[in-house]
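Open the model in your viewer and keep the selection tool ready. We will walk from one stop to the next, and at each one you will hear what to select and what to look for there.

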Amino acid sequence: MKKEYILEALIDNQISVLNRITSAYMKRQISIESLKLSKSYVKGVKKVVISSHTTEEVIGHIVRQLNNLEDLHKVDYYLPKRNNHKNTTDKTGY
Amino acid sequence: MKTEKINGAEALLKSLVNEGVEIIFGYPGGSIMPFYDELYNYGDRIRHILVRHEQGAVHAAEGYARATGRVGVCVATSGPGATNLITGLADALMDSTPVVCITAQVISSKLGTNYFQEADTIGITIPVTKWNYQITNASEISGVIAKAFYVARSGRPGPVLISLTRDAQVEMTEYRYEQYIPPVQKFNEDAEHNEWLCQDVAGMINGAEKPLIIVGQGVIISGAENQVLKIAESGNIPVISTLMGLSAFPTTHRLFAGFAGMHGNIAPNLMTQQSDLILAVGMRFSDRVTGDVSKYAPKAKIIHIDIDDSEFNKTVRSHVSIKGDASRVLKSISPGVKYRERPQWWSFIDDKRMIEKERIISRDLTPVRGTKNISMAMAVDALARIGGGEPVVVTDVGQNQMFSARYSKFNKTRSMITSGGLGTMGFGLPAGIGAKLGVPDRQVVVITGDGGFQMSLQELGTIMQSGIDVKIMILNNSFLGMVRQWQELFFEGRYSFTSMDNPDFMKIASAYNIKCARIERAEDLDSKVKEMLDCKESFLLEVVVDKRENVFPMVPSGAPLDNIILK
């Protein structure tokens, strides 16, 4: 079922990483509802927050694919409600 | 410590030497000239192969990488030079091939001004590379090149593109080679996998009545061939292969049941549907392997081993997924695997093998419909018999590829080089050149069709100039055979633009000073294939084959694997 999902990533301050993240949406024809790029608490690391409407299966796959990116430290998705937080970057979860 | 200043171009060359690069494939042009000027002095350390088209350079680098396991390197200029690499980069990304492409870029102060031969190389190559980076300062070169090679070969290998502005090539810098040290979390990921889970997996294998091992290219990349052999032999388990996994397991071994997928053997596809346990190693359940995903392996518990966890549960749901290097994971599984006879399972397999032999293979290996014409299967089979499974087979894409996969014999690993995921026509000839330069002691035979050969036949010039010994076998049916087959089967025989009026390939080969022969009759096949293999230099053998030949068996696109068309 399609819902709003928020993707959050911590990336190095390098030109092509943001592009690689948005292209993961582009190639699946998912339109991005909002996108915010901001400083994080670590110098040289930026935080990306993207909201989009899609299914959990698709956003989960996007996150797992982005996890393999160079210059990306952490990526995660959750539903906008705070109590539904789900951590998918746990590598031992499989 | 004071180091001498050198320019960026030389720094790049020093980095390449430090990374162990011996051969680069390239094509010079405007913005890359400072690099080529320095390369002039490095002829004793790095061999440069001048290709005839940048696409040839990247495919050759892929062929080199696939034959050796080392990183293939290619060089091109800015703008058109870089855009000509795109197909090869996409191919390398799909087939997990470690390639580093170095392209030039215009002076950094002119970026974005539509300068002569400017293209947004970084922007264009984002979707087709594992990582890319634009260097604008010579001081960055050492670190970036070290990282580029690390990224290309680590984890699931892939292509990396480094764009180097012209000013970064001429700027003076103090050079010091730095080895790339990956971030701690990435390093740990590669090292660990779940030991006790592996022991459970061994127990699952022992309990299975109809187990099956599927090997993909991951087995070759991680060097896990012996581990697979050990598990298969110690458990008496049949092994099947994907197209990309071919040659990971010796094809003549009694446990090898064949090649799976759309044009695969009958036994592997039916086995998949009957099996109760599938051990899938280093493969990604591509649509050509699974057919209809919802009906794939309905009875099986699937154990998926891969280095890339984004492949888990992507198309096929697995019951157990283990992220890790195939060789290490299998090493943990193999001690627990016990021998079991499973006579019913083996008689099922032998039965299906027999059906294929009677209904497909015997038909493929006889001249077509009462003529003396050669069939494509006969040509590949002749090579397999006379070559004895020793040569590296490099294929193009289409019917020639499928017949090569079905009828070739492989004794050694890294002997099948083909464009699997992207299906790039024109891949064969340049990849063959790269493979031969990577493994000069082995015989390299390119099997190609008349269509694919003409997509990259300019690389005959590379063979001529560099004196490379590559054998080329053109299976000429004067058609784009695979498309023609689909038109016959699914488009009611409307052969829309698939027939080809071909040039005289003998004249083309002679123009490039390459020995050649043309055969049409079955009785000449063995002697000419032998002549080709015995020849000490390049040889082009044109085999004229029947136009109407189709590749069977076939699982139609989107159909379940047990829906096999036999004719």
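Begin with chain A: of its 94 residues, 43% are buried, where buried means under 20% relative accessible area, exposed over 50%, and partly exposed in between (1.4 Å probe, protein chains only). Keep in mind that this is a predicted model, in which local features need pLDDT of at least 70, side-chain atom pairs count only at pLDDT 80 or more, and totals for chains, interfaces and linings use all residues. Residues are numbered from 1 along each chain as its sequence is written, chains are lettered from A and ligands numbered from 1 in the order in which they are written, and side-chain values use heavy atoms, with hydrogens and water left out.

**Stop 1: chain A as a whole**

Colour chain A by secondary structure. Trace the chain along its sequence and the order reads β-α-β-β-α-β.

How much of the contact in chain A with a separation of 6 or more is between residues 24 or more positions apart? Such pairs account for 65%, with contact meaning heavy atoms within 4.5 Å.

**Stop 2**

Select residues 56-66 of chain A, which form helix α2. Ile59(A), Gly60(A), His61(A), Ile62(A), Val63(A), Arg64(A) and Leu66(A) are buried there. Show what surrounds them: the buried residues of α2(A) pack against β1 (3-12), α1 (15-26), β3 (45-54) and β4 of chain A.

Next, pick Asp76(A), in strand β4 (residues 72-78). Is Asp76(A) buried or exposed? Its relative accessibility is 10%, so Asp76(A) counts as buried. Draw a distance from Asp76(A) to Arg64(A): these two lie 12 residues apart along the chain, and their C-alpha atoms are 8.9 Å apart.

**Stop 3: a helix pair in chain B**

Two packed helices are described by the angle between their axes and the distance between the axes. Move to chain B and select helix α17 (residues 376-387) together with helix α18 (residues 399-407). Their axes are 9 Å apart and meet at an angle of about 45°; axes are lines fitted to C-alpha atoms, for helices over the stretch in contact, and angles run from 0 to 180 degrees between N-to-C directions. α17(B) and α18(B) are therefore oblique to each other: angles under 35 degrees count as roughly parallel, over 145 as roughly antiparallel, 65 to 115 as roughly perpendicular and the rest as oblique.

Show the side chains where the two helices touch. On α17(B), Met376(B), Ala377(B), Val380(B), Asp381(B) and Ala384(B) take part, and on α18(B), Gln399(B), Asn400(B), Phe403(B), Ser404(B) and Tyr407(B).

Stay on α17 of chain B and click Leu383(B). With a relative accessible area of 4%, Leu383(B) is buried. Leaving aside neighbours within four places in sequence, Leu383(B) is in contact with several residues, including Val445(B), Ile447(B) and Met473(B). Leu533(B) is another of these contacts; it is 150 residues from Leu383(B) in sequence but 8.7 Å away in space, C-alpha to C-alpha.

**Stop 4: a covered helix**

Select residues 428-438 of chain B, helix α19. How many of its 11 residues are buried? The count is 11 of 11, and the helix is mostly covered. Among them are Leu429(B), Ile433(B) and Lys436(B).

**Stop 5**

Most residues other than glycine have a negative phi, and most peptide bonds are trans. Click Asn313(B), in the loop between β13 (301-306) and β14 (320-323): its phi is positive, near 55°. Then try Arg342(B), in the loop between α15 (326-333) and α16 (343-364), where phi is also positive, at about 50°. Arg342(B) has 5% relative accessibility, so it counts as buried.

Finish at Phe552(B) and Pro553(B), joined by a cis peptide bond with omega of about 0°. Pro553(B) sits in the segment after β20 (539-544) of chain B.

How values were computed:
Helices (H or I, at least four residues) and strands (E, at least two) are DSSP runs, numbered from the N terminus.
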